[in-house]
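Work through the exercises below with the model open beside you. Each task is followed by a stepwise solution.

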Amino acid sequence: MEGIVKRFGSVVALGGVDFDLRPGEIHGLLGENGAGKTTLMNVLYGLFPADAGTISFDGRPLRLRGPQDAIAAGIGMVHQHYMLVPTLTVAENTVLGERGGALLGRRSLEAVAARLRELGERYGLGVDPFARVWQLSVGEQQRVEILRALYRDARVLVLDEPTALLTPFEAEQLLPKLQTMAAEGASIVFITHHLEEVMAWTNRITVLRHGKHVATVRPQETSTNELARMMVGRDVTLVRLATGTAWQPGSADARREKPVAAPTPVLCAEGLEALGDRGTPALRDVSFLVAAGEIVAIAGVEGNGQSELEEVLLGIRTPDAGRVRLAGGDVTTLDTASRLKRGLGLVPSDRYRRGLIRELSVAHNLVFDRIGEAPFGTRFTLRKRSILARAVELIEQFSIRVSRPEQAAGTLSGGNAQRVVLARLLGRDLRCLIVAQPTRGLDVGAIEFVWEQLDAARNGGVAILLVSTDLDEVMALADRCHVIYEGRLVGEWARGEFDRERIGLAMGGVRADVRETDRPTALAKRDVR
Amino acid sequence: MNGQSTQDREDTVKHSALRKISLALVALVVAAAASAALAKPASHTDSAAVQKKVKVGLLLPCAINDHTWCQAAYSAAVRLQKEGAIDLKYTSNAPFDTAAVSQLMAQYAQRGYQLVIGHSAWQDAAFSAAGRFPKTAFAYAGGGKVANNVATYEEPIYQVAYLAGILAGGITKTGVVGGLAGQDIPLCHAELQAFIRGAKTVRSNVRGLSAYIGDWSDVAKAKEAALAQADSKADVFIACGDGPSQGMIQALKERKLSGFGYVGNQNSLAPKNMVGSLVYKLYPLFKLMVQDTAQGKFIPAKDYDVGLKSFQLVLNSKYSQAKVPAKVMAQMKSAQKRIATGELKVPYIAK
Amino acid sequence: MDWSAIFGVSLFAAGLRLAMPTALAAVGECFCERAGVLNLGLEGMMLAGAFASFVGADYADSAAVGVAAGIGAGVALGAVMAFLSVYLKTEQVINGIAVVIFAQGLTAFAYEKLYGQSGASPQITPLSNVRIPGLASIPWLGPVLFEQNVLFYVALALTLGVWVLLYRTRFGLSVRAVGEAPAAADAAAVHVDRVRWLALLVCGGMAGLGGAVLVVGQLSLFNVGITAGRGWVAIALVIFGRWNPLLVLGGALLFGLTDALQLRIQASSGGINASVPYELFQALPYLVTLAVMVAATVRSRRNAQPSALGVPFTKGVSQ
Amino acid sequence: MTTVELALPHVSRRAGQIRTIGATLAAVALGLAAGSILIVIAGGRPWSTYRDMAGGAYGSLFGFGAVLVQTAPLLVIGLGLALAFRGRVYNIGAEGQFYIGALAGGAAVILLPLRLYPLLIALAMVAGIVGGGAWGWVVGKLRARWGVNEVISSLLLNYIGIFVFSYAVRNPLRDPEASSLASKAVPDGSRLPTFPHLFTHVGILVGLALVPLVWYVMDRTPFGFRVRMMGLNADAARVAGVDTSRMIVRLMVISGGLAGLAGIVQVLGVQGRLETTLSQGYGFTAIVVALLGRLRAVGVLLAALFVSGLIVGGQAASIDQGLPYAIVLGIQGVFVVFVLVADRFARA
């Protein structure tokens, strides 16, 4: 792939990127979120055409009108959010979109299933071909995507953030399988933003930043430090733990050692039980409490009940059992509006879908959860002036880069959008703030800003519940940390006892008491400071 | 529904462009209305010279060639026009909600039409239009309330149904006769009752079946209703309403049974099956109304009913006479005379 | 009450005749809803099909041409719906209503124009019933199933064909995928919009055929109110049949049967005043479907409705 | 309340609005063009037909009065639908709610022995609103409580409502003397008075009074703002404390109530009693009026006047030009489709 250019409206996602892949190679594609990694591979997979540049395969130029050309050429892709049809069976998902005979009777599906079982054994990716996809776990679904690519005898396999949704334990089992495939001549592209994985797993690494090709290196020739610098483009100490000059971990830890005067519990959940949208249990006997001026983190891989927990705490989803107490009062049956009035707030995980209303102006997005209350109006009136005034204030205070308050929120970049959401929440008299994946997909500068705001709020006495999949973030901010796995809280650590490995294992559902020797070797290399 | 919003333009502060434009539009419309009203002279008929021809407006709820309700009125009006008695203008497939119909009647009146006939049960529409044009005569079908410039004309189908019943009594082999109607309205109720009563005079143990479809245009359901009655051994049928009659005819053709046409001459639709048609002769009724209007005296609140003159049992020549015993035919003819002279009173049972 | 007359063989034959036009439209709607398009324009497509089949049969003096014209008109309106809903991606609910108003307006106008003036009331030679020799002699089932109008057999075959198309072909798999998770289908190299276009054309064609069955198959005449709301009942039936073509066909037969039954009860109960509240029977399909719909959604959170029903698919939009 | 341009970030708000109006006018022009093709087919001359239509509808006090009579139900129902559609609550059951409101209000007028007519009229209108609102409430409750799609349930309840009305008119409320299936007439005193020259019943004032009220509710109250929030992004609205289920029920009750009000106004203003010819699809035509009016109060008023003008003008032209009345239906049908196409380009 030479000189690939791709623009989305005014945003240049790929500015002339070169990328080459040799047979039997595991090639890492590294870059911060939004660096263009996925876009480049989507172009290879034919999901959308490149604006400029050429792609050649086995030496011949490759014309890509759509995914069917890519598949025909032997390119398979495993997307981050699995592209599977939940109501269809594994076999049906495999055959979907494949050219072939019109009829698809029971016999032909049997043949597909047989081939899938055979591939499953060969690569250790066993899954029942006749199970319906919505019944499968996240890990199993990923196996289906890989099997589908292999079924169509893909010679190139692109994996987009494969470990994001997997537990560390499952991630470990993935590597040997990829290595056997590579050994048999398949070439694999491994998209990730985790430095350790790319170092441990790949033969060559290409680094992208803001749609530009930075370098292609071999793991032996470089170090995680150098990769991080290439990724971010300025001198950043290795572990994000210490990013930002505002506070040094030392000073933060020192202040935290001193126990908080009288830890009045602000938010507490007792024995919460709730079903997910699919009717499968999402929360199992979840109990915790968050005191004023404390950040309690709930770490865990996505899809283990976090969104259900947020909805139950906010009152959008009614729990099947258990109680939720806010500032002493029982709010289990209260609706969201009254909970917000009592000082609860949520920074949702998907800021564009649940945090903002893109068609409304930035000014409205800053106040729309208190629109009926003074000073923005009464039950029957809206005061435009006070809305605008407050908006200008917040834009200033949270340094939101916007030309004028009336500008549509939909036009804001990721970092800016998150600033607006934070401004809306933190601009209120909050007693308890629930924050979900606050820094996902943000650039390093924005991450710093978010962390500082959360820390300031915490020091200002707000009880913060941090729901995050990012271990670095948890270890940087949290006073106490739980891990959630399949709807159940497993383990609890105070700040002093944080141990990245045991938390990581707990996120994978592995009991903390795993003996030293069992730990697979690859994980050991990860513990790099 | 994803984020694609239907629309969300809204006017901003008071001086927004859109509000100014929309206010201007409304003002323009009102101004146009006022000025035009003044300019256009009220075009009423110049009552000075007594118009020989009466300007008649005819509103029909269906197509002019439906072989039943609307065709009967249309052909009567065309005959009057050929005779030079009226200057006819009609609207077919007219809307049937009261607001629109009364508006259409008023448009005719406003254009100087002296007699506006609404050929359906449009009592409310006639009254609301009549209130605005006291000098115009309005008429609607099927009987009901009348007022100083609103008349109605009867549809005495039940009297002819009685005669058809007599024939049916003779024709039926199974002793069971069938009847279909759109809804249980008095007109149809009386028709079916008279039909059975007539048949009983020939064959006392005749059993009369009836079915109500629920609406007046679902021909497929009407056909099934007739077939259902045929399954209950009915072999001579009558119908009340457009859809029901059209459905009945299809059933007769399929099961080779006999029946009578409704309002229009439907004999040609199923030559071998139609004993005859109860034909609604609107010509005498319309003629009477036109004469009253022509003589300058508006129709006194009248319920036009010319009895059998407005309804006739037109026998189908192609229907095999063998099936109709001569004795029964004679009995029917004599009953026809006795009704005409008033000697025989066919009861009108509406409920 | 003469029970044998009510529950005789002809009850089921009548039930089938009443059900078939609605069943065709309902199975067509089931197909396009499975592809994720909510097509409320069915009533208009049936009416256009009925009118076109009448004109075709009248001018070409052949029932077959009539049926083809009917299907053509349905497909044409299916294309209009697809242009609005799939290409322009406007609100599908509104497009459906617009198609109905559009079809009702044009058929009324065209009928008036073509037949309004001429004297003779137009009639066409209907398709006669076809008696399948061998099978029709089976005592009970014969007359019910095998002495029907030829279009009946076509309709039955088509509804079974749709089941096979949906569950036993590659295209059917794509349709089901597109209705459930369009983004996933797109990534698997399925042309989402093209599948939806084809689904709407199939749906329009079948609704048009439903109208043609009414006119050319059963009544051999046309009037503007001839479809009498069957398109709306068909939409209710799709939900009643939980988006499975066979259950939808079953639902249509059930409602056809109840209609035939109430007509028989009226027929055999004698007497003139309406012994049966026919409004109740007119409302029955809607009432029962509402009850089924509520029960379905209450009972299982996973109701059978395709998740992407009514949502236009825009390629590659992911923030 | 500052408005916002949807897609293009830097297009100023005024340009956005100009384009919206431009697209609507384009839709009207396209519709008229297609309509003229129909007129030519029907043997008429398009230009003079349109002139007669405009003259017939707006050219005379008589015509304009008739337009107002047609506008009354379309406006009242249209305003209710505009509010509901803004929250993306698609109430397709306005026709059924119209009839149930008419039945409730009509029954109150016929059965209550009250002689104080102004009070009786007020009571009837309240009964109409309650009747239509209850019919809407059922749909709202089904969606809020069990997530039953409101488009389908309102559609089903449409027909159930119409059949309930025709059964009630045929049995309990039936007037034995009436020649057609209808109830006893409402007492004359309870008939809405009409304007002297216009012959329009004062019911139109109800509609006109609602325009500023609905505009205020939509654009100047927190409730209206929350409706828009839910319409644009229900998930974000829910997180911001908007109780979407209760909001859905409220929108269905309001739009159902207004449809019921339009029903009773039609009974007292035009029909004079309960009969199935009360409406021929006002509930569906009002959907088009709401859309053509861009879901804005003033827009709905203009759209209602325009569509009514099409009906009344069409009648006048059909008489003067000798065109079949069905042409009005044809033009209306063609118009609807072009409005949708233009609406899409307005928001492109």
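A residue counts as buried if 20 or more other C-beta atoms lie within 10 Å of its own, as exposed if 12 or fewer do, and as partly exposed in between. The model is predicted.

**Exercise 1. Classify B:Pro186 as buried or exposed, and find its contacts.**

Step 1. B:Pro186 lies in helix α6 of chain B, which covers residues 186–202.

Step 2. Count the neighbours. B:Pro186 has 21 other C-beta atoms within 10 Å, so it is buried.

Step 3. List the contacts, leaving aside neighbours within four places in sequence. They are B:Ala350, B:Lys351 and D:Ser179.

Step 4. B:Tyr348 is 162 residues from B:Pro186 along the chain, yet their C-alpha atoms are separated by 9.0 Å.

**Exercise 2. In what order do the six strands of the open sheet in chain A run, and which strands stand at its edges?**

Step 1. Read across the sheet. The order is β7-β8-β9-β3-β10-β11, with mixed pairing.

Step 2. Find the edges. β7 (75–78) and β11 (212–217) of chain A each have a single partner strand, so one side of each has no neighbour in the sheet.

Step 3. Look at one pair. Strand β10 of chain A (residues 204–209) runs antiparallel to β11(A), and five bridges join the two. A:Ile205 has A:Val217, in β11(A), as its bridge partner.

Step 4. Helix α5 of chain A (residues 138–151) lies across β7 and β8 (156–160) of that chain, and runs at about 175° to β7(A).

**Exercise 3. Describe the domains of chain B and the contact between them.**

Step 1. Start with the whole chain. Chain B has 10 helices and 13 strands. Of its 351 residues, 60% count as buried. Among contacts in chain B with a separation of 6 or more, 66% join residues 24 or more positions apart.

Step 2. The domain assignment gives domain 1 as 51–153 + 284–307 and domain 2 as 157–280 + 320–341.

Step 3. The C-alpha centres of domain 1 and domain 2 of chain B lie 29 Å apart.

Step 4. Count the contact residues. Domain 1 of chain B gives nine and domain 2 of chain B gives 11. The domain 1 side has three nonpolar, five polar and one charged residues.

**Exercise 4. Which elements of chain C supply at least two residues of the side that touches chain B?**

Step 1. Survey chain C. It has 14 helices and zero strands. Buried residues make up 61% of its 319 residues. Of the contacts in chain C with a separation of 6 or more, 77% are between residues 24 or more positions apart.

Step 2. Count both sides. The contact takes 46 residues from chain C and 40 residues from chain B.

Step 3. Name the helices of chain C. They are α2 (9–34), α5 (92–115), α11 (192–219), α13 (245–269) and α14 (278–299). The largest share comes from α13(C), with seven residues.

Step 4. Sort by class. The chain C side has 20 nonpolar, 18 polar and eight charged residues.

**Exercise 5. Where in chain A is confidence lowest, and where is it highest?**

Step 1. Take the average. Chain A has a mean pLDDT of 80, and 87% of its residues reach 70 or more.

Step 2. Helix α19 of chain A (residues 521–526) is lowest, at a mean of 34, and strand β18 of chain A (residues 432–436) is highest, at 92.

Step 3. The pLDDT is below 50 over residues 234–259 of chain A, a stretch with 29 contacts beyond near neighbours in sequence. The pLDDT is also below 50 over residues 512–529 of chain A, where the model has 19 such contacts.

Key. Residues numbered from 1 in each chain as written. Chains lettered and ligands numbered in written order. Predicted model: local features only at pLDDT ≥ 70, side-chain atom pairs only at ≥ 80, totals over all residues. Pairing = 2+ DSSP bridges. Helix = DSSP H or I, 4+ residues; strand = E, 2+ residues; numbered from the N terminus. Contact = placed C-beta atoms within 7 Å. Axes fitted to C-alpha atoms, helices over the stretch in contact; angles between N-to-C directions. Nonpolar A, V, L, I, M, F, W, Y, C, P; charged D, E, K, R; others polar. pLDDT = per-residue confidence, 0-100. Domains from an automatic or database assignment.
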